[in-house]
Amino acid sequence: MDLPTPQDLKERRTALELTQSALAEAAGVSQPLIARIEGGDVDPRLSTLRRIVNALDEAEGEVVRAADLMNKTVISVAPDDAVGDAVETMESEAYSQLPVLQNGVPVGSISQHDVIQAGEDVSDYPVSEVMSESFPTVSEDATVDEIRNLLEHYKAVMVTQGGATVGIITEADIAAQFS
């Protein structure tokens, strides 16, 4: 990811016909900070830079959010389901991994790899005995950049609202958005 220079930020802001004050308000920072960043007097923290870039993206209408990408139908298993049933679900749905949900809340994940690592004859075991950690969770307003960063380390990202799962995103969903 290339970080924008102070000149890049200023050019984007002026091309969008935004004042420093309008950008500052949208990014949740002060106008003097925008002026100092654009003037090259201050190196902003990465979190501040991200908020400014997100505000510019919003102004351009380019921001893709988790709610835009997610699959609302989440195929999952419960921790007390049999491993054999989880494997059947993975095979019938053509997935290599599934989230493990308890009352709609992510508590783990199970993959074909987890089942293989557990050894032979685990089909009657509960999923909770062979599952791995849960996929990370994001809110519906998480940006595609935030989701991409998580997908560099995890196979899926769960979208939650008030703790309950409302969707799931995989690399295939991101690729489909930009194809």
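This predicted model holds an open sheet of three strands, in the order E3-E4-E5 with mixed pairing. Strands (E, at least two residues) and helices (H or I, at least four) are DSSP runs, numbered from the N terminus. Two strands pair if DSSP finds at least two bridges between them. Strands of a sheet pair through backbone hydrogen bonds, either parallel or antiparallel.

E3 and E5 stand at the edges with a single partner strand each, so one side of each has no neighbour in the sheet. E4 and E5 pair in the antiparallel sense over five bridges. Gln 161 has Ala 164 in E5 as its bridge partner. Helix H8 packs on the sheet and touches E3, E4 and E5. Contact means heavy atoms within 4.5 Å.

| Element | Residues |
|---|---|
| Strand E3 | residues 137-138 |
| Strand E4 | residues 157-161 |
| Strand E5 | residues 164-169 |
| Helix H8 | residues 144-151 |

Now the helix pair. The axes of H2 (residues 20-27) and H3 (residues 31-38) come within 8 Å and cross at roughly 110 degrees. That makes H2 roughly perpendicular to H3 (65 to 115 degrees). Axes are lines fitted to C-alpha atoms, for helices over the stretch in contact, and angles run from 0 to 180 degrees between N-to-C directions. Gln 20, Ser 21, Leu 23 and Ala 24 in H2 meet Gln 31, Ile 34, Ala 35 and Glu 38 in H3.

Residues are numbered from 1 along each chain as its sequence is written. In this predicted model, local features need pLDDT of at least 70, side-chain atom pairs count only at pLDDT 80 or more, totals for chains, interfaces and linings use all residues, and side-chain values use heavy atoms, without hydrogens and water.

Note on methods. Angles under 35 degrees count as roughly parallel, over 145 as roughly antiparallel, 65 to 115 as roughly perpendicular and the rest as oblique.
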